[in-house]
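Dear colleague,

Please find the structure below, together with its sequence.

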Amino acid sequence: MATGKYSRIDGRKSTNYCSTATIVVFVSLCLVGVWMLMPSSVDPVQNADLSSQDSNTDLSSQDSKTDLSSQDSKTDLREKVSDKFSSQPEDSSGGQAEDVTKEESKPIKSEDESNSDVKESENLSGKESDNNVVETQEEKVVEESSGGVSNGEEDSKEEAEGAGDGEPKEDNGNSDNEESNSEGKESNTSTETSENAQPETEIIKSETESDPNEASDKPQTEVSVEEPKLTADEKAHSEISSGNQSEILKENTTESGAWSTQAAESESEKKSEMSKLPKDASDYKWKVCNVTAGPDYIPCLDNLKAIRKLPQWDHYQHRERHCPDKAPTCLVSLPEGYRQSIKWPKSREQIWYNNVPHTKLAEVKGHQNWVKVTGDHLTFPGGGTQFIRGALHYIDFIQQSLPDIAWGKRSRVILDVGCGVASLGGYLFERDVLAMSFAPKDEHEAQVQFALERGIPAISAVMGTKRLPFPSKVFDVVHCARCRVPWHIEGGKLLLELNRVLRPGGYFVWSATPVYRKDAENAGIWKAMSELTKSMCWDLVKISRDKLNSVGAAIYRKPITNDCYEQRSQNEPPLCNEADEPDAVWNVELQACMHKVPENVAERGNQWPEQWPQRLEKAPSWLSSSAVGVYGKAAPEDFAADYEHWKRVVSASYLTGLGIDWSSVRNVMDMKAVYGGFAAALKDVKVWVMNVVPITSSDTLPIIYERGLFGMYHDWCESFSTYPRTYDLVHADHLFSDLKKRCKLEGVIAEVDRILRPKGILIVRDDAETITEIENMSKSLQWKIQFTYSKDNQGLLCVQKSLWRPTEVETIKSAIA
């Protein structure tokens, strides 16, 4: 009697389910009896019917929750995997006992592949990207197992994929495919021999016949039937120990034999994790962060453990970002007595003291009209170190000194270095100018937090050892008023970083004591700065004195051609290597060099943008129609379509349909900005938008700046460089579904909670699965669900943060002094 390899029978034999074992024993007893009473020849149709019935039983025992389509997908996958074992060449020694041994050496592989198939089939109903992963893994399995398509008969696609290069195709080798086909796929039996079509009774017989070599450690068939108490693992070990060594070695050389690979196991486990249903709201357990910084905790700036390990601090390394290895999932506490923020524009002049309860800056800078304590409020007279009499006068003084600056027309986006409480940026709004203000989290306690609480854009950053998180050639003006940065030291490395971000033809406004004081120290600094700026080819276009504030300012202009660079007698500072990418900034060290000015008209930075507000709606001139945009159209068309889309969404939905009180919204963040269309659509609303381009997204941030908007790069698996409770509205368009491939969403949502003010709004657009996850997390945070909608696997969610804080505490050891 001929025997074959029936991986499904083996797989059923090693199942862990008691019900299946009972069924198998019962069917075996019946079929053995039938076989003893019947002749050896049975109609193949009966065989197929029996195999199909057993196959259905086995599939149902694998996973009762898997629907029909998943079972079909699982079967397809299993057929491809089982083909690896179906085309083995016939052993020259032959013999029934050896064939049975080969049979029994395979169930471990079959069982592993079966479990993997179940996990993969469960993922078929998930996200499109997950399907791509499954398909890729399928192709890899087929490619590794087949090595090419056989030149023999092509009765089915599976047979073609199962044939190995140079291996003869034999009748017995098709038994795996026949068994798989009997599980629900139509089989072609016209080319099969009678041995391939052996009846189910013969399959059972071949399974239960004992090999002479196994007599000492395998029981007889009758004993196996009467005592089916052997566990799946014990059966597996028995089969491995009784296997034919040459067969195992041959399988190991062609694939991985009976053992699944680490890559397959790891991928299977990942897919299993991804296939889990979203957590319920009750599944999330939040705690309050116990950290030294308390309510002002910024995880990447308050990593005290990492700061203590720094070998030196001489370049302000301790003020730079040092993110913890694992993003915190705890929630930052609220200051005692916290109240809803005062609305803009009143907030520019005063904020609630309890919201930012710090008085040190008022003590040391109050005489310069930075900030004062007035009862329950902190008040801001609008002054600064260089403009004690008020920022508006100082802003007008600069334009009177150099009319070409043309605030709000030619000069729209500026960088304010060492901004203090950002009063300059706060009053530049009256001139239609956006100021990206930054200052470190240092002894000037909470200066950036004051700015944001007032409704003025600012971030915590320092000019230290790394590039600023902005593209090159984007700021129309860079401003420094007593910003305490030693520009002239170390070959001017810090000033060269400003040169990188300053647009060709843009201005550097330096208002500092070396400009107008003549003592030895200041005179020395002025001389060094004069030599440095000349070697950088910056033109000193104006030195002016402000009599009201008793200060002065020097205004420099960056060149628009490379002529000066080429005519220098010494190459100091040197020109950057052509391989150096000026827009590569994320965790990139500062370079003491200068990049050449673009000379091609089609290059970004060669021409000045259109005046504001025309530049907001027009695609940049350097955006080539031959380039493909983010959404697949020609770049200028992509830009226009994006803007039209967001104008429709904002006007028809966001402004009127989500229940948002826009009079309470001032500080807005777009977590994935693309072209800045969302921010542009809000141009008539009295808000400003921080446009964030994730480091894993297309680098469209230069386009955003070209429109007269601003933003920065960021990795959302880390904390943002801002204080807690600083944004009124956060917008995320198809961001979270991408992020959860790289980091845990709990950490990202904890960061959103940190950024948002109480009563702040989160708007999420994403796939339906991700929307459900975010909604459940929002409920667990006691946030108000204002609007939720999904259709065609896409969804929209609008939630409002509450004042709720959990009672349990989590200590972040890295943030404890």
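**Surface charge and salt bridges**

Glu-599 is partly exposed, with a relative accessible area of 49%; here buried means under 20% relative accessible area, exposed over 50%, and partly exposed in between (1.4 Å probe, protein chains only). This is a predicted model, in which local features need pLDDT of at least 70 and side-chain atom pairs count only at pLDDT 80 or more, while totals for chains, interfaces and linings use all residues. Residues are numbered from 1 along each chain as its sequence is written, and side-chain values use heavy atoms, with hydrogens and water left out.

Glu-599 sits in the loop between α23 (563-567) and α24 (614-617). Together with Asp-563, Glu-566 and Glu-603, Glu-599 forms a patch of negative charge on the surface. Such patches are made of residues with over 30% relative accessible area and no salt bridge, like charges being joined within 9 Å. A patch of positive charge on the surface comprises Lys-305, Arg-308, Lys-309 and Lys-813. Of these residues, Arg-308 belongs to helix α15 (residues 304-308) and is exposed, at a relative accessible area of 52%. Helices (H or I, at least four residues) and strands (E, at least two) are DSSP runs, numbered from the N terminus.

Side chains of opposite charge can pair when their charged atoms come close. The structure holds 28 salt bridges, each defined as a side-chain nitrogen of Lys or Arg within 4 Å of a carboxyl oxygen of Asp or Glu. Among them is the one between Arg-725 and Asp-296 (3.8 Å, N to O). Arg-725 lies in the loop between β14 (711-714) and β15, and Asp-296 in the loop between β1 (288-290) and α15, so this pair ties together parts that are 429 residues apart in sequence. Both Arg-725 and Asp-296 are buried.

A salt bridge also joins Arg-604 to Asp-583 (3.0 Å, N to O), and both of these residues are buried. Within helix α30 (residues 768-780), Glu-775 and Lys-779 are 4 residues apart, about one turn of the helix, and their side chains meet in a salt bridge of 3.5 Å, N to O. Glu-775 is buried at 15% relative accessibility, whereas Lys-779 is partly exposed at 41%.

Finally, His-731 in strand β15 (residues 727-733) is buried, at 0% relative accessibility. The side chain of His-731 makes a polar contact of 2.9 Å with that of Tyr-654; a polar contact is a pair of N or O atoms within 3.5 Å, where, within protein, one must be able to donate a hydrogen and the other to accept it, and residues adjacent in sequence count only if both atoms are side-chain atoms.

Yours sincerely

Terms used:
Patches are made of residues with over 30% relative accessible area and no salt bridge: like charges are joined within 9 Å, nonpolar side chains (Val, Leu, Ile, Met, Phe, Trp, Tyr) within 5 Å. Accessible areas come from the Shrake-Rupley method with a 1.4 Å probe; for residues, only the protein chains shown count as cover. Lys and Arg count as positive and Asp and Glu as negative; His and the chain ends are not counted. The place of a charge is taken as NZ of Lys, CZ of Arg, CG of Asp or CD of Glu.
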